[in-house]
Amino acid sequence: MTDQPPAEFLEFIRNYNCGHCNADTMEIYKDDAGLWHGNPVHEDGCPVKTGAVSSVPDSVRALPPGARWRRDG
Ligand SMILES: [Zn+2]
């Protein structure tokens, strides 16, 4: 049984760069529902890590072109 993240997800992980610190890696894990998640590894004091700034813009920039996110993909 293979249990690898989808290629689009891995590309998203590779593309991610925090706009506020040097974070460019994520810890990835699969939840009980079978969805893959990536937690960016921010530096201490990063405003994204503290919640002062949204991580959404950085995440959207990291999306592969044409990526679609589905539960059952
Ligand atoms: Zn950061």
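**Note on the predicted chain**

1. Q4 sits in the segment that precedes helix 1 (7-15). Helices here are DSSP runs of H or I with at least four residues, strands are E runs of at least two, and both are numbered from the N terminus. Q4 counts as exposed because it has 9 C-beta neighbours inside 10 Å. The cut-offs: buried means 20 or more other C-beta atoms within 10 Å of the residue's own, exposed means 12 or fewer, partly exposed lies in between, and C-beta atoms are placed from the backbone.

2. The model is predicted: local features need pLDDT of at least 70, side-chain atom pairs count only at pLDDT 80 or more, and totals for chains, interfaces and linings use all residues. Residue numbers start from 1 along each chain as its sequence is written.

3. Q4 and K30 are 26 residues apart along the chain. Their C-alpha atoms are separated by 9.6 Å. K30 itself stands opposite W36 in strand 2.

4. Strand 1 (residues 26-30) is hardly covered. The count of buried residues among its 5 residues is 0. Strand 1 pairs with strand 2 (residues 36-40) in the antiparallel sense, over 5 bridges; pairing requires at least two DSSP bridges between the strands.

5. The two strands form a hairpin, with 5 residues between them. In the turn, G34 has a positive phi of about 85°.

6. Overall, the protein chain has 3 helices and 2 strands, in the order α-β-β-α-α from the N terminus. Of its 73 residues, 11% count as buried.
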